[in-house]
Amino acid sequence: MTEAIEATRAWFAVFFAVHAVETPRDAVCMELKRRHCEQVMAEARQLALALDLAPHLVSLATIAGLCHDVGRFPQYQQYKTFSDAQSVNHGLLGARALTRHGGLAGLAPRDRALVRLAVVVHNRRTLPPALTFGRDPAALVLARIVRDADKIDIVRIMLDHYTNPGDKDEVVFLGLPDRPEQFNPAIIADIEAGKIGNYTHMASINDFALLLLSWINDMAFPWTRQQFFARGHVRELFAQLPDLPQLAAFETRYCERFAPKSA
């Protein structure tokens, strides 16, 4: 499978290059997603290895991680946004691109189907019922790996942008305003109900931090949840929120509920 991984990486590089954009500002946005794909590839591989999966499935997780966001390139080139609500579903767009442009030509038919399915569902709010994945247990495992790897790297990206001085990037923050004292308690209610936050509840960049914290309810593997805490992501996300008693109390409840227990 090493040759298949290298062939996919070569295809990915060409696919990215042909989606050139006109301005330096747009080039920065595209590069952000190119690097994200590379990072999710690494995260997916690391998670698959931590799960002690068979080498073949580790390779498929690596390829799916790289390809999961290829739909972002034509999406941004045409619409100048990463908001699916304002453009198109980038998961579906990516799966179509892989099919139409031979992105998985080095894989067997079953493996191509597994990777495409992981790409299609990686950006769903929740995974569809398991029956959607047919009788192939590898399909659900692969989809969950890509979703977890995607989440852990998106949090890294967002924290980089939260901590950068100056105005918040409108594309990265989906046009949300910076209202320092404002947050939506509905997202906290979602988290405490065991749900992931609803994008429609976001009205400020504080709400985006809460939404990212809600993702722990959709992380499929203990490894991912452990990394969420071990890398300092939880602490840093709470640090972006206003210093208010109700948020401090929520942080305590959150950590008591979700922090990995020491052996």
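Predicted model: local features only at pLDDT ≥ 70, side-chain atom pairs only at ≥ 80, totals over all residues.
## The enclosed helix H9

Helix H9, which spans residues 205-214, has 10 of its 10 residues buried, so it is largely enclosed by the rest of the structure. The buried positions include Ile205, Asn206 and Asp207 at one end of the numbering and Leu212, Leu213 and Ser214 at the other, with Phe208 and Ala209 also among them.

## The largest pocket

The largest pocket holds about 920 Å³ of space. It is lined by 35 residues, and those closest to its centre are Arg72, Phe82, Leu174, Tyr199 and Trp215. Helix H2 (24-50), H7 and H9 are the elements that each give two or more residues to this lining, and H7 gives the most, with six residues.

In composition, the lining of the largest pocket divides into 16 nonpolar, nine polar and 10 charged residues.

Side chains of opposite charge can pair when their charged atoms come close. The model contains 14 salt bridges. In one of these, arginine 231 pairs with glutamate 43, and the closest N and O atoms are 2.6 Å apart. Arginine 231 lies in the loop between H10 and H11 whereas glutamate 43 lies in helix H2, so this pair ties together parts that are 188 residues apart in sequence. Arginine 231 is partly exposed, with a relative accessible area of 28%, while glutamate 43 is buried, with a relative accessible area of 8%.

Another salt bridge joins aspartate 218 to arginine 147, again with the closest N and O atoms 2.6 Å apart. Because aspartate 218 lies in the loop between H9 and H10 and arginine 147 in helix H7, the pair ties together parts that are 71 residues apart in sequence. Arginine 147 counts as buried, at 3% relative accessibility.

Aspartate 160 forms a salt bridge with arginine 156, the closest N and O atoms being 3.4 Å apart. These two residues are four residues apart in helix H7, and therefore they are separated by about one helical turn. Aspartate 160 is partly exposed, with a relative accessible area of 36%, whereas arginine 156 is buried, with a relative accessible area of 18%.

Elsewhere in the model, Arg9, Glu31, Arg34 and Glu38 are linked in a network of salt bridges.

Conventions
Residues numbered from 1 in each chain as written. Heavy atoms only, no water. Buried < 20%, exposed > 50% of the residue type's maximum accessible area, 1.4 Å probe, protein only. 1 Å grid on protein atoms, 1.4 Å probe; cavity = no way out; pocket = protein on both sides within 12 Å on 5 of 7 lines; lining within 4 Å. Points joined across faces, edges and corners; volume = space filled by probe spheres on them. Nonpolar A, V, L, I, M, F, W, Y, C, P; charged D, E, K, R; others polar. Salt bridge = Lys/Arg side-chain N within 4 Å of Asp/Glu carboxyl O.
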